[in-house]
Amino acid sequence: MYVSMKEMLQHASVNNYAVPAPNCPSYALVKAACMAAAEKKSAVILDVSPRQMRMNATPEVWAPMVKAIAEPLNVPVALNLDHGGEFEDICRCIKAGFSSVMCDASALPFEENIRRVQQVVTFAHAHGVSVEAELGHVGQAAEGDGRSDDMYTKVDMAVEFVERTGCDMLAVAIGTAHGKYPADYVPTLDFDRLAEIKKALGEKYPLVLHGGSGAGDENFKKAVAGGINKVNLWTDYGRTYVNAMRDFLAENESPDYIFVTTDAEGKAAKWLERYMDLFGSSNRYQFSDDKMVETD
């Protein structure tokens, strides 16, 4: 099934679990993520950024490709523009058939962030497309971002932001950062702040955690328990695929390309399956084995 993120993440929010959102800048990574979702009977969100599309293929290629892979499956699959910054890029993805988009103006002043997201919401909702926005700012791990509360999301501002923009889900800054953390560093997350934001916005409103790679299992468990419903994963997902290819090439002197990629797809899928279990999204899209008992 090819769907938007809105209903998918509202279900996750009410039922207290999170959907993994790996960046998938190639056919192989799209296929691996969908393989994992089908195996685990889990929803999945396929993120792709403007930069990744510029280096690979246009929105007009991405949307039909993902639809073709997703529609035969019995699990929900969303295609989301990740960190859309330019209005033209966002509109192009909507018109090309993306089911969701992110308007990221989080590095800009509060009022400008609101103004830009309002514009995107108006255009996207008219096309049946859901919108993710970000308040606070999730910076770069390599630059030491995410280690102070200077860029963290403020509760009162989150309430005002959601009310004024009408965005469908909100990425919050509580201590994670994009990219690879230094060796042996695990971020400290502000779970009290997360709980306050969730309470203020309501149990049905989905929250998003960016910079998931390297955050650690315990942080993930607490974040999901505290109200996170979408977790972005790219650095470690991509690294898993690359490492699998490297290992296969090291073990085979004359490798066939198709076997190299197939092996890497399988290992990337297994990596993602683990996070579906960890986030609680596994087995959400199947009936239980319990049989109805007839009564007189």
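Colleague: Which residue forms a salt bridge with Asp47, and how far apart are the closest N and O atoms?

Modeller: Side chains of opposite charge can pair when their charged atoms come close. The term salt bridge here means a side-chain nitrogen of Lys or Arg within 4 Å of a carboxyl oxygen of Asp or Glu. Asp47 pairs with Lys230, and their closest N and O atoms are 3.5 Å apart. The pair links distant parts of the chain, 183 residues apart: Asp47 belongs to strand β2 (residues 44-48) and Lys230 to strand β8 (residues 228-233). Helices (H or I, at least four residues) and strands (E, at least two) are DSSP runs, numbered from the N terminus.

Colleague: What should I know about the model and its numbering?

Modeller: This is a predicted model, in which local features need pLDDT of at least 70 and side-chain atom pairs count only at pLDDT 80 or more, while totals for chains, interfaces and linings use all residues. Residues are numbered from 1 along each chain as its sequence is written, and side-chain values use heavy atoms, with hydrogens and water left out.

Colleague: Are Asp47 and Lys230 buried or exposed?

Modeller: Buried means under 20% relative accessible area, exposed means over 50%, and partly exposed lies in between (1.4 Å probe, protein chains only). Asp47 is buried, at a relative accessible area of 0%, and Lys230 is buried, also with 0%.

Colleague: How many salt bridges does the structure hold?

Modeller: The structure holds 16 salt bridges. One of them joins Lys221 to Glu218, at 3.6 Å from N to O. Both residues lie in helix α9 (residues 217-225), three residues apart, which is about one turn of the helix. Salt bridges that share partners also join Asp47, Glu132 and Lys230 into one network. Another salt bridge pairs Arg193 with Asp190, the closest N and O atoms being 3.1 Å apart. Arg193 is buried at 16% relative accessible area, whereas Asp190, at 21%, counts as partly exposed.

Colleague: What span should helix α6 have, and how far apart are its end C-alpha atoms?

Modeller: The expected span of a helix is 1.5 Å times one less than its number of residues. For the 17 residues of helix α6 (residues 110-126) that gives 24 Å, and the end C-alpha atoms are 24 Å apart, which agrees.

Colleague: Which residues of α6 are buried, and which are exposed on the other side?

Modeller: Phe110, Asn113, Ile114, Val117, Val120, Val121 and Ala124 are buried in α6. They cover an arc of only 140° around the axis, so they sit on the same side of α6; the arc is that of the directions from the helix axis to the C-beta atoms. Thr122 and Ala126 are exposed on the other side of α6. The buried residues of α6 pack against α5 (87-96), β4 (100-103), β5 (130-135) and α7 (155-165), where a contact means heavy atoms within 4.5 Å. Just after α6, Gly128 takes a positive phi of about 70°.

Colleague: Which way do the side chains of β4 point?

Modeller: In a regular strand the side chains alternate between the two faces of the sheet. In β4, Ser100 and Met102 point one way and Val101 and Cys103 the other way, and all are buried. Strand β3 (residues 77-84) runs parallel to β4 and is joined to β4 by three bridges; two strands pair if DSSP finds at least two bridges between them. Ser100 in β4 is the bridge partner of Asn80.
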